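Open the model in a viewer and keep the selection tool at hand. The stops below cover cavities and helix packing.

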There are 2 protein chains.
Amino acid sequence: MFSGFSAFPLTPLKNGDIDETAFTGLLQIITAAEVDSIGVIGSTGNYAYLTRAQRYRATEIAVELAGSIPVMSSIGAVSTDEVIRLANDAQKAGVKGVMMAPVSYQKLTSEEVFGFYERVTGELSVPLYIYDNPATTGFSFDDELLMRLSFLPNVSSVKLGFLETDLSLATQRIGKLKASFCEGVTLGISGDGRAVRGLMAGCDVYYSALGGLYPRELLEMAHSVLRGDVQRAIDLNALFEPIWAYFSQYGSLRTIASIAELRGLVQSPCLPSPLLSLTGEDRTMLAQIISKLELE
Amino acid sequence: MFSGFSAFPLTPLKNGDIDETAFTGLLQIITAAEVDSIGVIGSTGNYAYLTRAQRYRATEIAVELAGSIPVMSSIGAVSTDEVIRLANDAQKAGVKGVMMAPVSYQKLTSEEVFGFYERVTGELSVPLYIYDNPATTGFSFDDELLMRLSFLPNVSSVKLGFLETDLSLATQRIGKLKASFCEGVTLGISGDGRAVRGLMAGCDVYYSALGGLYPRELLEMAHSVLRGDVQRAIDLNALFEPIWAYFSQYGSLRTIASIAELRGLVQSPCLPSPLLSLTGEDRTMLAQIISKLELE
């Protein structure tokens, strides 16, 4: 579950509720691609904007549709009590794993983050992966804290928040991290534009946001690196470069939601208010990029 | 309500629930000081960590105890739908106003923030103040956006997130802001250590976190500036300097919770997990500072 290629679908909304028809359609594209795992209600799945009941429902739908593909879901929230309630919900819905970012309102200290994971993992019956995403949580893990956390029971993977731009530096750091981690804990890369670099540097798994919309191509990209065909991965990555540029400028979620709207996979708007998908010229140019992408 | 001195009490917890006895005690200290208004479940009141039911209950208790002192409460959340539900709850509980920060998970754009307030204020029957707190929301308002927002219906006050260190620059900016704002919209200062400067520079109201524990002294500090006795305010502020230093180092919430615990006003721990109050040497030194403060 915590290796290879993991796809993270949108949770499309319609008038504030989950658009179950569209959500089912997105999940079918993903299962048809035979991905290694599905990460439902991740950041791209808008977990932070959904009610507890909506989070349960989205997880339940995904588990049902996924068949033998393992499903994990996010249990992130600012309060420990709420995270534990969400963890129980997720396990009841049948997930094979959970992911958790140290979501915060008050900026957290390292000691608080350690205690947070210690409390939560102590109550779990499924593996957890630690989701480092400073842009949304306001907290950046250091390597020492990640190492300590890797030894907690049920911690099985870490999604890196930061990756060196230089490949040899990245390879060095990932080697060092893996050597310091509790045995069996895998390292994941997200932020689609740096996935190939992360996998080349030694990451075990690509947790992919755009993989919710292009699972076939991005799974092929990830598996190419893992089986040693780096050139094939680099070529596939080049195809998506214009989309990575949109991610940098508008954020991956707004870009992905706009693509799903443009491709008619979801209704427009599909994002939870106050978030807005792209409009005007930005949207028109994105439409051109994705129509070109589908011709290749 | 949006002028003078406003006190923001802690919402102390006990085993994950509101410690109603301790909370009532804190509110009684505040009402006895005859503050101009009370801001319940603000950032210091841990709104972000409470369930919807707990937020309702805290607001209800405060309204009941406050008598003729107007109470406002926070309706902040990441999703517009949830904010509107919380706004309805707050109004049902009897608040005279609400406050709202653009709480975020995905970093918001200015356009999203404007739309967020536009939707929410359109559904309100009480005034709202805009709470600019980049440290917790990840969003910084610019003056142009604040000006536009001041013209929305029901917007009545803005709590500034940033204040120039230089008094004359601060005075200049606040004069400019007030001239650009819709008539009647007041400007507030928070971040207790810069309150005197903010009021001297032209702010109308001091939204005070430590004012939940020392309402008499800090009300006197605020009112001194507003009636022109600046020296008295500066002297009072000097008394609290060691506490402002703690705020800078550990955050105001951890410091305030520790003071309340040390003074026996709340049980220990009183903060929602994963947040921790101070321990060890830091706590011992804080105890010395507050015992000295009470001797003056």
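Select H2(A) first: this helix gives the most to the lining of the largest cavity, with four residues. Helices (H or I, at least four residues) and strands (E, at least two) are DSSP runs, numbered from the N terminus. The model is predicted, so local features need pLDDT of at least 70 and side-chain atom pairs count only at pLDDT 80 or more, while totals for chains, interfaces and linings use all residues. Residues are numbered from 1 along each chain as its sequence is written, chains are lettered from A and ligands numbered from 1 in the order in which they are written, and side-chain values use heavy atoms, with hydrogens and water left out.

A cavity here is a set of points on a 1 Å grid over the protein atoms alone where a 1.4 Å probe fits but cannot get out, and lining residues have an atom within 4 Å of a point. The volume is about 60 Å³, taken as the space filled by probe spheres set on the points, with grid points joined across faces, edges and corners. Colour the lining by class: four residues are nonpolar, three polar and three charged. Ala, Val, Leu, Ile, Met, Phe, Trp, Tyr, Cys and Pro count as nonpolar, Asp, Glu, Lys and Arg as charged, and the others, Gly among them, as polar.

How many cavities of 30 Å³ or more does a search of the whole structure find? The search finds two.

Return to chain A and select H3(A) with helix H4 (residues 110-121), which pack at an angle of about 35° with axes 10 Å apart. Axes are lines fitted to C-alpha atoms, for helices over the stretch in contact, and angles run from 0 to 180 degrees between N-to-C directions. A:Thr80, A:Asp81, A:Val83 and A:Ile84 of H3(A) meet A:Phe116, A:Arg119 and A:Val120 of H4(A), with contact meaning heavy atoms within 4.5 Å.

Technical notes. 1 Å grid on protein atoms, 1.4 Å probe; cavity = no way out; pocket = protein on both sides within 12 Å on 5 of 7 lines; lining within 4 Å.
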